[in-house]
Amino acid sequence: MLENTLRSLILEVWNIILRMYKQENEFEHSFRWKDTLPRFLYLMHTNCRYHHTVKWYADQLYVSPDALSAKLKKQA
């Protein structure tokens with residue numbers, strides 16, 4: 001039961017993030033970031049059990065850890 005509750009919570013968080021991303025896309029002018037955020041979300045979803053550092057995700061997305069952190073904070 002706890003596992004199902006946690007899965008539901010995770011799915012709801014992803015829904016919120018994706019809704020925020022969709023809203024941000026209407027105002028975002030950086031084409032590179034438009035490609036980066038969906039890739040980041042996919043990487044997080046598929047690798048969050050194994051990789052826990054911003055640097056790893058930034059390396060995979062070819063951006064600096066500071067740039068990735070700043071963009072993600074902007075989404076929050």
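Which residues form a nonpolar patch on the surface, and how much accessible area do they have together?

Author: The patch is made of Leu-2, Leu-6, Leu-9, Val-13 and Ile-17, with about 450 Å² of accessible area together. This is a predicted model: local features need pLDDT of at least 70, side-chain atom pairs count only at pLDDT 80 or more, and totals for chains, interfaces and linings use all residues. Residues are numbered from 1 along each chain as its sequence is written, and side-chain values use heavy atoms, without hydrogens or water.

Patch residues have over 30% relative accessible area and no salt bridge (a Lys or Arg side-chain nitrogen within 4 Å of an Asp or Glu carboxyl oxygen). Nonpolar side chains (Val, Leu, Ile, Met, Phe, Trp, Tyr) are joined within 5 Å, and like charges within 9 Å. Areas come from the Shrake-Rupley method with a 1.4 Å probe, and for residues only the protein chains shown count as cover.

Take Leu-6. Leu-6 sits in helix H1, residues 2-25. Helices are DSSP runs (H or I, at least four residues), numbered from the N terminus. At 45% relative accessibility, Leu-6 is partly exposed. That label lies between buried (under 20%) and exposed (over 50%), with a 1.4 Å probe and protein chains only.

Now for some buried residues. Phe-40 is buried at 11% relative accessibility. Tyr-57 is buried too, at 3%.

Note on methods. Helices (H or I, at least four residues) and strands (E, at least two) are DSSP runs, numbered from the N terminus.
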